[in-house]
Structure formats: C-alpha cells, structure tokens
Amino acid sequence: MMSVNTALTIAGTDPSGGAGIQADLKTFQELESYGMSVITSVVAQNTTGVQAIHHIPLKMIEQQLDAVISDMPIHAVKTGMIASIEMMKLIAEKTPKTDAPYVMDPVMVATSGDTLMEANARNFLREQLLPLTALVTPNIPEAEFLIGEQIETVEDMMQAAALIVDTFGAGAALVKGGHMTGDAIDFLYDGNKIHTFSSERIDTKNTHGTGCTYSAAITAYLSKGFSLYDAVKKAKHFVTAAIANSFSLGSGHGPTNHWATRAEKVRL
Ligand SMILES: Nc1ncnc2c1ncn2[C@@H]1O[C@H](COP(=O)(O)OP(=O)(O)O)[C@@H](O)[C@H]1O
Ligand SMILES: Cc1ncc(COP(=O)(O)OP(=O)(O)O)c(N)n1
C-alpha cells in the first residue's frame, strides 16, 4: 500500500484562487502532500481586494475540525486567516490533539489593506496561540505588531525573530522581508541560531497570496519529514519560482504560479 503524508490548512477562502485555502491546497498538491482544509471564513475577494466576508458559524468550524481530526492522519497543520477570539479558542483547543507541527501565518491585513482579523483578536493570537506553534511566519507589519516595535533594518528583523521566540514563546519565527526594499531576505530564528534565506527581488506587482503559498509550502515539507531549516529553504525556492513565473490575471495584484517548480522539472 502506498504511504502518504498529509497537511491540514485552517483558513479563509479566496475564490480568485491566489491566496487562502485555495493557495494552500494547490501548494500541498504540488509538493505531494495530501491536502485537507477547514474553512474559517468565506471571503469574497480577488486581485483588487476584499469585497465581503462571511464568518462560518463556530459550531460548523468545530464540526469540520472534528471530522478531520477524528478520522484522518495529520502530519502538519497550518493556520491562515482566523478572524476572531472565539475561532482562536477553538483552534487552540483542537489542534494540539493532532500532535503535528503547527505553522501559523498570522494573517492580519491583506496586501490590499483589508482587515482579515478583528483588532481585539490580535493580542489573543500572540498570547494564547503563538506558544502552540512550531513556526510563525509574520511579514513586517505582523512582526511589528507581535513585538510592539517598528522594524526598519535587517538587524531589526533578526531581533524581531529572536523576540518572538524568546519572549512570546513561538517554537520558531520566520520574519519575511517582502515588505522591505532590496533583495527579498527572510530570517529564521529556531531558538538557537538565525538563518538567512535570500533571493533577488522580482520586479512584479503579482504578489497576491505569497505569504499563504510560502507558509503552505513549509507545512507541506514538514509533513514529509524535512527539518525546519530544509523545509524553509525548499519553500523559499518554491515561493520565489511562483513569484518569478506569476500570472498577470485580474486588474490588481495577480496570483503567483503554484506549478512553477514543476515546470522547472526539478524535484526539490
Ligand atoms: N517581489 C518579490 N520578489 C521576490 N520575493 C518576494 C517578493 N515579494 C515577496 N517576496 C518573498 O515572498 C515571501 C512572502 O513574503 P511577504 O510578501 O513579506 O509575505 P506576505 O504575503 O505575508 O505579506 C517571502 O519569502 C518574501 O521574501
Ligand atoms: C483568506 C485569505 N487569507 C490570507 C490572505 C492574505 O494572503 P497573503 O498571502 O498574506 O498575501 P496577500 O494576498 O494579502 O498578498 C488573503 N488575502 N485571504
């Protein structure tokens, strides 16, 4: 019998296919981890921004979680958009039961500027959910919120990664440099050491869903048993190729190309 590794995403949706659950499942599939999903919010959005949000009733989120956790093996879990404290409480109660590494993309605001997490839920995320993670993957504004300080330099990014782990209790922190200028540099602090992952900045406006895709790729690699360092290294390659081969679809920030590494014909 063929053995298979599995990854679960708990997140909101993107009907235009570039971000959220859709990006996560595409990424899991590309990286040959069997993808599963629990939907927290249905979001009417596209490359130009968010038009409307419908939160799934709490009971239904719980039933989705129970359905997966009670029946399926889960080798890695990621969360994306979790809008409210009530949803966070549920996830904090249920996900540890999976015993799988937990990757949190602390989605607060979309690139378009639309808010995806209620303001009062941010502190709860930091205080209650963060300590459950194997890895948290904030972009610059999210890292600034988590540490309560501005980030202006690469030294600030490294310090933020260390603070998020040593002070706030995340298992590891990957502070992403997509919002900086110059090369796209990310810093991983694993509790012992800072690791640097760098690529040239690609001149494109098609970056819708980059954060979702990156954290989903890390989750897929962890589900397959790669170390945290190797999972991030391979995922950085995956997201860079996805941005470099992105699609000018829609009239705003187009989506990335989730099959770009397959097209390279290189098995990572
Ligand atoms: N224009 C770009 N060229 C190359 N890499 C980029 C570019 N924009 C973002 N990245 C990379 O994409 C990944 C996602 O980062 P980021 O855009 O900061 O996240 P988010 O989508 O959560 O805001 C990171 O590895 C970052 O360095
Ligand atoms: C449902 C949903 N979740 C997360 C995001 C944010 O996606 P992200 O990859 O952080 O980047 P942008 O799409 O904002 O560029 C989202 N838009 N929708």
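## Ligand surroundings and a strand pair

In this predicted model, the shell around ligand 1 is made up of 5 nonpolar, 10 polar and 4 charged residues. There are 19 residues around ligand 1, and those that come nearest are Asn-139, Gly-178, Ala-184, Ile-202 and Gly-211. Two or more residues of this shell are given by each of strand 9 (184-189), helix 7 and helix 8 (228-244), and helix 8 contributes the largest share, with 4 residues.

Around ligand 2 there are 20 residues, of which Gly-12, Gly-20, Ala-110, Thr-111 and Gly-211 come nearest. Strand 3 (41-46) and helix 7 (210-223) each supply at least two residues of the shell around ligand 2, and helix 7 gives the most, namely 3 residues.

The table sets out the make-up of the two shells.

| Shell | Nonpolar | Polar | Charged |
|---|---|---|---|
| Ligand 2 | 8 residues | 11 residues | 1 residue |

Turning to the fold, strand 1 (residues 6-11) pairs with strand 2 (residues 34-39) in the parallel sense, and 6 bridges join the two. One of the residues involved is Ala-7, whose bridge partner in strand 2 is Gly-35. Together with helix 1 (residues 20-30), strand 1 and strand 2 form a β-α-β unit that is right-handed.

Conventions: Residues are numbered from 1 along each chain as its sequence is written. Chains are lettered from A and ligands numbered from 1 in the order in which they are written. This is a predicted model: local features need pLDDT of at least 70, side-chain atom pairs count only at pLDDT 80 or more; totals for chains, interfaces and linings use all residues. A residue is near a molecule or strand if its C-beta atom, placed from the backbone, lies within 6 Å of it. Ala, Val, Leu, Ile, Met, Phe, Trp, Tyr, Cys and Pro count as nonpolar, Asp, Glu, Lys and Arg as charged, and the others, Gly among them, as polar. Two strands pair if DSSP finds at least two bridges between them. A crossover is right-handed if, with the strands pointing away from the viewer, the path from the first strand over the helix to the second runs clockwise.
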